[in-house]
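Open the structure in your viewer and show the cartoon first. Side chains come later in the tour.

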Amino acid sequence: QVQLVESGGGFVQAGDSLRLSCAASGLSSYAVGWFRQAPGKEREFVATISWSGGTTYYVDSVKGRFTISRDNAKNTVYLQLNSLKSADPAVYSCAAAWATSRIASPYLSWGPGPPVTVSS
């Protein structure tokens with residue numbers, strides 16, 4: 001298993017952008033997913049990317065606003081959050097799996113998650 005370290009969370013205003021990073025030694029061999037959980041709500045799939053970066057999936061609510069990408073030379077996966085809305089604040093966690101998945105169960109390792117707060 002890999003030990004994931006996320007960074008980039010913070011407090012922004014509606015309409016602003018933020019980039020989250022997820023890094024781990026050996027992460028280039030794994031598919032990576034981003035999930036988010038707001039207070040009082042269930043964890044929600046946000047985006048996932050294959051190990052090569054050639055395949056990505058997004059939840060409908062973030063399509064066109066969020067972009068998942070990776071730099072395998074740096075063993076890092078990014079989640080670019082643009083046009084943030086009041087519905088986006090949550091703890092965003094990255095997770096590693098052998099293949100892309102929109103559900104949480106296949107993911108082997110999880111990071112603690114940086115909180116993202118959006119002020120309207």
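Select S3 and strand S8 (residues 76-81): the two run antiparallel and are joined by six bridges. Strands here are DSSP runs of E, at least two residues long, numbered from the N terminus. Two strands count as paired if DSSP finds at least two bridges between them. Now pick Leu-20; opposite, in S8, stands Leu-79.

Before going on, note that this is a predicted model, in which local features need pLDDT of at least 70 and side-chain atom pairs count only at pLDDT 80 or more, while totals for chains, interfaces and linings use all residues. Residues are numbered from 1 along each chain as its sequence is written, and side-chain values use heavy atoms, with hydrogens and water left out.

Click Glu-6 to find Cys-22 of S3 opposite.

Next, show the aromatic side chains. How many aromatic pairs does a search of the whole structure find? The search finds five. Select Tyr-30 and Trp-98: this pair is stacked, 4.6 Å centre to centre with 20° between the planes. Rings of Phe, Tyr and Trp (its six-membered ring) pair if their centres lie within 6.5 Å; planes under 30 degrees apart are stacked, over 60 edge-to-face, and the rest tilted. Tyr-30 is in the loop between S3 and strand S4 (31-37), and Trp-98 is in the loop between strand S9 (90-97) and strand S10 (109-110), 68 residues apart.

Trp-98 is exposed, at 59%. Buried means under 20%, exposed over 50%, and partly exposed in between (1.4 Å probe, protein chains only).

Move to Phe-35 and Phe-45. Their ring centres are 5.7 Å apart and their planes lie at 70°, so this pair is edge-to-face. Phe-35 belongs to strand S4 and Phe-45 to strand S5 (residues 44-49), so the pair ties together parts 10 residues apart in sequence. Phe-35 is buried, at 3%; Phe-45 is buried too, at 9%.

Keep Trp-110 and select Arg-43, which lies over the ring face, 4.2 Å from the centre. The criterion is NZ of Lys or CZ of Arg within 6 Å of the ring centre and within 35 degrees of the ring normal. Last stop: Arg-102, whose charged end sits over the ring of Tyr-57, 4.1 Å from its centre.

Terms used. Helices (H or I, at least four residues) and strands (E, at least two) are DSSP runs, numbered from the N terminus.
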